[in-house]
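Work through the exercises below with the structure in view. Try each task before you read its solution.

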Amino acid sequence: MARIENYGPDIPTEQDAVKALADLIGPQMAEGLWSLAVQAQGLRRPVTAPSDLRRVAEHIMEVGELSRVAGRSLKVRIITYEALAGTVQA
């Protein structure tokens, strides 16, 4: 996992997102839901850009109660990462 130099949090990844979703709804459902959400956003896997991950997370939040939890968690993580990334001096 890549890190911002001088700061600890990892860049959110598709793998992290799918794992978190799988913890709630199971691995097969998580893979399927993630793939459908990626397609619905006109993207391809693997999704790597934080802004694209956020779009997929927002889509997943609309699907159901458990997926809303995973989607919101990923969205918060991405927003936090982006905010902190802007404060790190290169």
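**Exercise 1.** How are α3 and α4 oriented to each other: roughly parallel or roughly antiparallel?

*Solution.* Note that this is a predicted model.
Step 1. Find the two helices: α3 covers residues 50-61, and α4 covers residues 65-85.
Step 2. Take the angle at which α3 and α4 pack, about 155 degrees. Their axes lie 8 Å apart.
Step 3. Apply the cut-off: angles over 145 degrees count as roughly antiparallel.
Step 4. Conclude: α3 and α4 are therefore roughly antiparallel to each other.

**Exercise 2.** Which residues make the contact between α3 and α4?

*Solution.* Step 1. Start on α3: Pro50, Ser51, Leu53, Arg54, Ala57, Glu58, Ile60 and Met61 take part.
Step 1. Move to α4: its contact residues include Gly71, Leu74, Ile78, Ile79 and Glu82.
Step 2. Sort by class: the contact of α3 with α4 has eight nonpolar, six charged and three polar residues.

**Exercise 3.** How many helices and strands does the protein chain have?

*Solution.* Step 1. Count the elements: there are four helices and zero strands.
Step 1. Read from the N terminus: the order is α-α-α-α.

**Exercise 4.** What percentage of the protein chain's residues count as buried?

*Solution.* Step 1. Recall the cut-off: buried means under 20% relative accessible area.
Step 1. Apply it to the 90 residues of the protein chain: 30% count as buried.

Definitions and conventions
Residues are numbered from 1 along each chain as its sequence is written. This is a predicted model: local features need pLDDT of at least 70, side-chain atom pairs count only at pLDDT 80 or more; totals for chains, interfaces and linings use all residues. Side-chain values use heavy atoms; hydrogens and water are left out. Axes are lines fitted to C-alpha atoms, for helices over the stretch in contact, and angles run from 0 to 180 degrees between N-to-C directions. Angles under 35 degrees count as roughly parallel, over 145 as roughly antiparallel, 65 to 115 as roughly perpendicular and the rest as oblique. Contact means heavy atoms within 4.5 Å. Ala, Val, Leu, Ile, Met, Phe, Trp, Tyr, Cys and Pro count as nonpolar, Asp, Glu, Lys and Arg as charged, and the others, Gly among them, as polar. Buried means under 20% relative accessible area, exposed over 50%, partly exposed in between (1.4 Å probe, protein chains only).
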